[in-house]
Amino acid sequence: MKYESQGVAKLYFIAAIALFVGQILFGVTMGLQYVIGDFLFPEIPFNVARMVHTNLLIVWLLFGFMGSAYYLVPEEAERELFAPWLAKLMFWIFLVAGALTILSYLLVPYARLAELTMNDLLPTMGREFLEQPTITKIGIVIVALAFIFNIGMTVLTGRKTVINLVLLTGLVGLAVFFLFSFYNPDNLVMDKYFWWFVVHLWVEGVWELIMASLLAYVLIKVTGVDREVIEKWLYIIIAMALISGLVGTGHHFFWIGAPDYWQWLGSVFSALEPIPFFMMTLFAFNVVNKRRRDHPNKAAVLWALGTAVMAFLGAGVWGFLHTLAPVNYYTHGTQITAAHGHMAFYGAYVMVVLTMISYSMPIMRGQKAGNIKAQVVEMWSFWLMTISMVFITLFLTGAGIAQVYLQRYSDDPLPFMVVQEKIAIFYWLREAAGLVFLIGLILYIYSFFAKGKEVEFVEG
Amino acid sequence: MNAEELELKRASLSALASLLNLTVLPVIGFIFLLFLYKQTQAQTIGRYYAVLGIKINLAAAIALIIVTGLMLLLGGFYSPWTWVFVISYFVFVHALFILVATWILVRSWTGKKLTTTFL
């Protein structure tokens, strides 16, 4: 580790992995509730399990992004972190606030939680993914501001590279767009606009900048390819991501009561959204192909390549599948959306955080790369989690297509719950794939403790 | 442009034509690929990538014909299961053909043959 303060990242990564485990446990619980409706009812109702599953995802990815930034920025800026103590303090505040919020979801009825946290003073609760009590949201803003200040000061007073500037832009965007979650208009159309300004502009806007910069950083480190080459790719990728992603927000405006022109704008621009992901695949393949060294951390290289491929499939292909307005007219809010959501989040954001963890964790533990056994176990976990996610996506896609046909397209449409009964086989298969994913995650955690022969590092 | 550079250019153009045929320019991309094949010499990197492109595109075409045949034989256009299989095929298997073609394109830029042991 080049700078001591990079070690702060370890705290964030450990918390991220712990919350990831929680997310998957609630995922498999909920997967079972799809077919056994009263499983764990009334202790953990489906709506609560779903809220915990999605909120844990967001929180652990934020921990992952913050940890990645704390590791990456000092090295790129060639200086110690501006205030390591602030990073540690914010970690504990964020962890305690996050844990309390999740526990409150589980222990207190949501309406009562809104009362207890005085939501009526500044109502922000009740919207999907943004269910956090207002007080938690204020906490997130404080943590984000302190984080941006710390990272920003490190970048501004140190070496400025394309990677840390793109990362900083993405992180500032993440913080700024979250502020829309505090505006909760009475008009439902307006409400949806501002909700998507957070959700869409995060995952199909600024998070792509974060992802591209993290991937570029790891690829520079593991391949030894010239920074200039990677930076040129990065410029084109982020330009395409922003050009397509910003106006592409329109694909969420098709059926919310917005003007008709959004059906054209949303369709055309979101049809371009696979392009940056395709370029990321081309970029990762190209850089690994031109590598100047065989880095001993093969697991990190695998995660990096896997990120590019799975992001293209999940965000690009599965996004395009249902993004055109005439198609979305039938597919909106079906299991096809769930299929896309699962593979896109896993491929783009889960995998890029795991790539950073895979690269940096051995270094923070005093090694260049994990020992051979640890890497083998980690690669097994990669394949188990990735293949099972492919199957989860395929089963949900199958469920979604059957759902669209039976419920919305056929001459005699069937009611929602009748269709749910007919597609139960897909849910059972998805649950089995989810359990394999959990096994993969357990192996991933075990890889940090596996003992074995150390790897040798030969500079090419 | 010397002969080696010309073959390298043909190799990358063949890989690009193969990718285009699988994505935005079906048939036209394949005709361009056949045209490039005619221009290349035996035992050159250009010929290698033209042949590779033809093979992968033929494999994708055969897979498509089989899927279409199964669709008509097993369910017809009015069965939900037909659409489950056909759409799942397109978004997954055809996307994998595109990924393989992308990897071939990247390899062609280096002037080296395709290998599987890059990790």
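Helix H4 of chain B makes the largest contribution to the lining of the second largest pocket, supplying eight residues. The structure discussed here is a predicted model, and that pocket has a volume of about 1100 Å³. Of the 34 residues that line the pocket, those closest to its centre are A:Val317, A:Phe320, A:Leu321, B:Phe90 and B:Val91. At least two lining residues each come from H10, helix H11 (298-321), helix H12 (325-331) and helix H14 (372-409) of chain A, and likewise from helix H1 (3-22) and helix H4 (80-110) of chain B. By residue class, the lining of this second largest pocket holds 29 nonpolar residues and five polar ones, with no charged residue.

**The two chains**

The table sets out values for each chain.

| Chain | Property | Value |
|---|---|---|
| A | C-alpha span along principal axes | about 65 × 45 × 45 Å |
| A | buried residues | 63% of 460 residues |
| B | C-alpha box along principal axes | roughly 55 × 35 × 20 Å |
| B | buried residues | 45% of 119 residues |

For chain A, the radius of gyration is 22 Å, which agrees with the value near 23 Å that a compact globule of 460 residues would have. Among the contacts in chain A with a separation of 6 or more, 82% are between residues 24 or more positions apart. In chain B, residues 24 or more positions apart account for 63% of the contacts with a separation of 6 or more, and the pattern of the chain, read along the sequence, is α-α-α-α.

**Helix H8 of chain A**

Helix H8 of chain A runs over residues 227-247, and its 21 residues reach 30 Å from the first C-alpha to the last, close to the 30 Å expected at 1.5 Å a residue. Which residues of H8(A) are buried? They are A:Arg227, A:Ile230, A:Glu231, A:Trp233, A:Leu234, A:Ile237, A:Ile238, A:Met240, A:Ala241, A:Ser244 and A:Gly245. These buried residues of H8(A) pack against helix H2 (46-77), helix H6 (162-178), helix H7 (188-223), helix H9 (261-271) and helix H10 (274-289) of chain A.

**Enclosed space**

Rolling a probe the size of a water molecule over the atoms shows where empty space is left. The count comes to four cavities of 30 Å³ or more, and the largest cavity holds about 130 Å³ of space. Of the 14 residues that line the largest cavity, A:Leu62, A:Met66, A:Ile140, A:Ala144 and A:Leu174 are the closest to its centre. Two or more lining residues are given by each of H2, helix H5 (134-156) and H6 of chain A, and H5(A) gives the most, with five residues. The lining of the largest cavity divides into 14 nonpolar residues, with no polar and no charged ones.

**A residue after helix H16**

A:Lys453 lies in the segment after helix H16 (424-447) of chain A. Is A:Lys453 buried or exposed? A:Lys453 counts as exposed because its relative accessibility is 62%, where the cut-off for exposed is over 50%. Leaving aside neighbours within four places in sequence, A:Lys453 is in contact with A:Asn371 and A:Ile372. From A:Ile220, A:Lys453 is 233 residues away in sequence and 26 Å away in space, C-alpha to C-alpha.

Key:
Residues numbered from 1 in each chain as written. Chains lettered and ligands numbered in written order. Predicted model: local features only at pLDDT ≥ 70, side-chain atom pairs only at ≥ 80, totals over all residues. Heavy atoms only, no water. Helix = DSSP H or I, 4+ residues; strand = E, 2+ residues; numbered from the N terminus. Expected span 1.5 Å × (residues − 1). Buried < 20%, exposed > 50% of the residue type's maximum accessible area, 1.4 Å probe, protein only. Contact = heavy atoms within 4.5 Å. 1 Å grid on protein atoms, 1.4 Å probe; cavity = no way out; pocket = protein on both sides within 12 Å on 5 of 7 lines; lining within 4 Å. Points joined across faces, edges and corners; volume = space filled by probe spheres on them. Nonpolar A, V, L, I, M, F, W, Y, C, P; charged D, E, K, R; others polar. Rg over C-alpha atoms; globule rule 2.2 N^0.38 Å.
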